[in-house]
Amino acid sequence: MKPTVLVLGSGPIRIGQGIEFDYSCVHCVWSLQKMGYRAIIVNNNPETVSTDFDTGDGLYFEPVTLEDTLDIIVHENPIGVVCQFGGQTAINLAEGLASHDVQVLGTSPKSIAMAEDREQFDELLERLAIPRPRGKAVRSLDEAKVVASTVGYPVLVRPSFVLGGRAMEIVFSEKQLHGFYREAEDANPGQPVLVDKYIFGKEAEVDVISDGVDTLVPGIMEHIERAGIHSGDSMAVYPTISLTPSIKAQMVTSACKIARALQVKGLMNIQFVVQNEVAYVLEVNPRASRTVPYLSKVTGIPMVDLATRCMMGRTLKEMGYASGLWVLRPPVRPARDGGEAACALPQFADLFGLEVVRNPATHAEGTILSEQSFIDGTTIIPPAVLYAIKAPVFSFQKLAKVEPSLGPEMKSTGEILGIDNTFEGALYKAFVASGIHFKGDGYVLLTVNDDDKAAALEIAKGLYASGRQIAATHGTAKTLVDHGVPCKPVNKIQQGSPNILDLITDGSVSLMINTPGLNESSESEAARIRRACIESGVPCVTSIDTATALIRALDVYANPEAASCLRLEEYFKGGAAD
């Protein structure tokens, strides 16, 4: 009889944990079956592929809890349990399973605890000389106040061991800390609250596959929105568009060091924030992340298949892979056509750009830029073959009381993917698919806080140059007119009719750009404006970085035929249709 492996799913879908994890669980099951194992699943969500009767060799439609899992283990007697593909729900069971002498496959519970326990993780990064924001795990408001005053406001306050940025907030003062600390503490009772210096910079992330020795980075994703917006609510672009070679080198080498130190076997996700040419590690998740399906598709790397094989004892070298960053490149011509012959040694093939024999095979042509080349500073990253942009999708029209402005706590309920030969074309597809478009030829309405006025000016210049009419509240309108951008001034709500709400409700607005206010009264009015947009069907952008990206796509909005329409395989070939 085949040896049995138990795969834990992610349980019910909720914000922060959805079908992205189901993708990883299902691909893990398929990989285990190809390797000759009997793969059984524990999950209790009827709207997932993992709970289809024919996905695995067995299905237990039970809650993903320690008690239920242990009962199933007694009945099935598996050789081990897979926790790393079911999101935070599954990974949280690793320590409890190990305490009952159950074999947790892949990354060990001890390493998982080292990544998720703040003090152990800080010690690890200190030992590896990897920069991180200053901060500490605390268990009382008094401790939180001491840490915040030591590192300096603003600080990021969040509960530990939660997913989706639940109860996470950027805190600017001690008064605000008093009001928010209890909420963070109540989000996960008995666990410490994390207080970190908030670094205002560019966020980026990597998903990596490791066998405990070698670490493959399939790609680096750059967030379009700055730090402070949850990664699940941010737009992300692959490959990166603004990160310097030095930052990419820091990210790749840091990822390889961390994976080696933690003895990761399988998948790991690392979040970075970049400021002043330094890549700070925000957090490490020793499991599959929401971006695995997206990155697998656009890089051609079978990430879950590779990770599962590493988890079961195979090495990356045995499978034709090596430590470093995977990059796409146009296909290599076969030897019979005057091209290169296949090479079975990846460390030499990738070095010289030859075709490599990889098993499991990739779905696109590419090469691995070695970890050592990043350490030596000799890496040359080739031009992008395609651009892929992940954008969030929200359900604010169906959730009447949810505030639509974005922050550290995740609010999106889905995501889409835009792919094109150009960054602008991919942006256009991502925006349109996620519902950000111009509703007719009405005004683009701008109302932004003072910190965003400089960026709003550049946005307005782009909009005006593309033929759009602009309206703004008096303060923003004065800034625009003073710099030569025609603009219709509009009253705020408290200034009486006709005001900004009247303009929205009478159908005169095609798009709203509104960034959250920095004080209670202005933010209260802004919230009413955003809700009016939702109820009127007017697209509303609440991040100045998203609005800046929108401007880059204006030419494609004006001429949609500028964006290509190809199969994914054709983009991998450099945009050449068959």
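Reader: At what angle do helix α1 (residues 19–34) and helix α11 (residues 303–311) pack?

Author: This is a predicted model. In the model, α1 and α11 pack at an angle of about 55°. Their axes are 9 Å apart.

Reader: Which word describes how α1 lies to α11?

Author: Angles of 65 to 115 degrees count as roughly perpendicular, and those under 35 as roughly parallel. At about 55°, α1 is therefore oblique to α11.

Reader: Is the crossing of α1 and α11 left-handed or right-handed?

Author: Right-handed: that is how α1 passes α11.

Reader: Which residues meet there?

Author: From α1 come Tyr23, Ser24, His27, Cys28, Ser31, Leu32 and Lys34. From α11 come Val304, Asp305, Thr308, Arg309 and Met311.

Reader: Let me try another pair. How do helix α14 (residues 423–433) and helix α19 (residues 544–552) pack?

Author: Their axes are 8 Å apart and the angle is about 120°. That angle makes α14 oblique to α19. The crossing of α14 and α19 is left-handed.

Reader: What residues of α14 and α19 meet?

Author: Phe423, Glu424, Leu427 and Phe431 belong to α14. They meet Thr546, Ala549, Leu550 and Arg552 of α19.

Reader: Now a single helix. Which residues of α6 (residues 118–128) are buried?

Author: Look for residues under 20% relative accessible area. In α6 the buried residues are Arg118, Phe121, Asp122, Leu124, Leu125 and Leu128. Seen down the axis of α6, they fall within an arc of 160°, so they line one face of the helix.

Reader: What does the face turned away from the buried side of α6 carry?

Author: Exposed residues: Glu119, Glu123, Glu126 and Arg127.

Reader: What covers the buried residues of α6?

Author: The cover includes two helices by name, α5 (109–116) and α9 (245–262). It also includes the strands β5 (135–138), β6 (155–159), β8 (193–197) and β14 (278–285).

Reader: What should I look at where α6 starts?

Author: Find Asp117. One of its side-chain oxygens reaches to within 3.3 Å of the backbone nitrogen of Glu119. Then go to the other end: just after α6, Ala129 has a positive phi of about 60°.

Reader: Let us turn to single residues. Where is Ser234, and is Ser234 buried or exposed?

Author: Ser234 is in the loop between β11 (220–226) and β12 (236–238). Its relative accessibility is 1%, so Ser234 counts as buried. Setting aside residues up to four places away in sequence, Ser234 touches His223, Glu225, Ile229, Lys390 and Pro392.

Reader: Where does Leu480 sit, and what does Leu480 touch?

Author: Leu480 sits in helix α16 (residues 474–482). At 0% relative accessibility, Leu480 is buried. Residues up to four places away in sequence aside, Leu480 touches Leu446, Ala456, Leu457, Ala460, Ile470, Val485 and Cys487. Take Ala460: 20 residues separate it from Leu480 along the chain, and the two C-alpha atoms are 7.4 Å apart.

Reader: In which strand does Ile513 lie?

Author: In β22 (residues 509–514). Ile513 is buried too, with a relative accessible area of 0%. Neighbours within four places in sequence aside, Ile513 is in contact with Val444, Leu445, Leu446, Thr447, Val448, Ile459, Val541 and Ala547.

Reader: How far apart are Ile513 and Val481?

Author: In sequence, 32 residues. In space, C-alpha to C-alpha, 18 Å.

Definitions and conventions:
Residues are numbered from 1 along each chain as its sequence is written. This is a predicted model: local features need pLDDT of at least 70, side-chain atom pairs count only at pLDDT 80 or more; totals for chains, interfaces and linings use all residues. Side-chain values use heavy atoms; hydrogens and water are left out. Buried means under 20% relative accessible area, exposed over 50%, partly exposed in between (1.4 Å probe, protein chains only). Helices (H or I, at least four residues) and strands (E, at least two) are DSSP runs, numbered from the N terminus. The arc is that of the directions from the helix axis to the C-beta atoms. Contact means heavy atoms within 4.5 Å. A polar contact is a pair of N or O atoms within 3.5 Å; within protein, one must be able to donate a hydrogen and the other to accept it, and residues adjacent in sequence count only if both atoms are side-chain atoms. Axes are lines fitted to C-alpha atoms, for helices over the stretch in contact, and angles run from 0 to 180 degrees between N-to-C directions. Angles under 35 degrees count as roughly parallel, over 145 as roughly antiparallel, 65 to 115 as roughly perpendicular and the rest as oblique. A crossing is left-handed if the near helix is turned anticlockwise from the far one by less than a right angle, and right-handed if clockwise.
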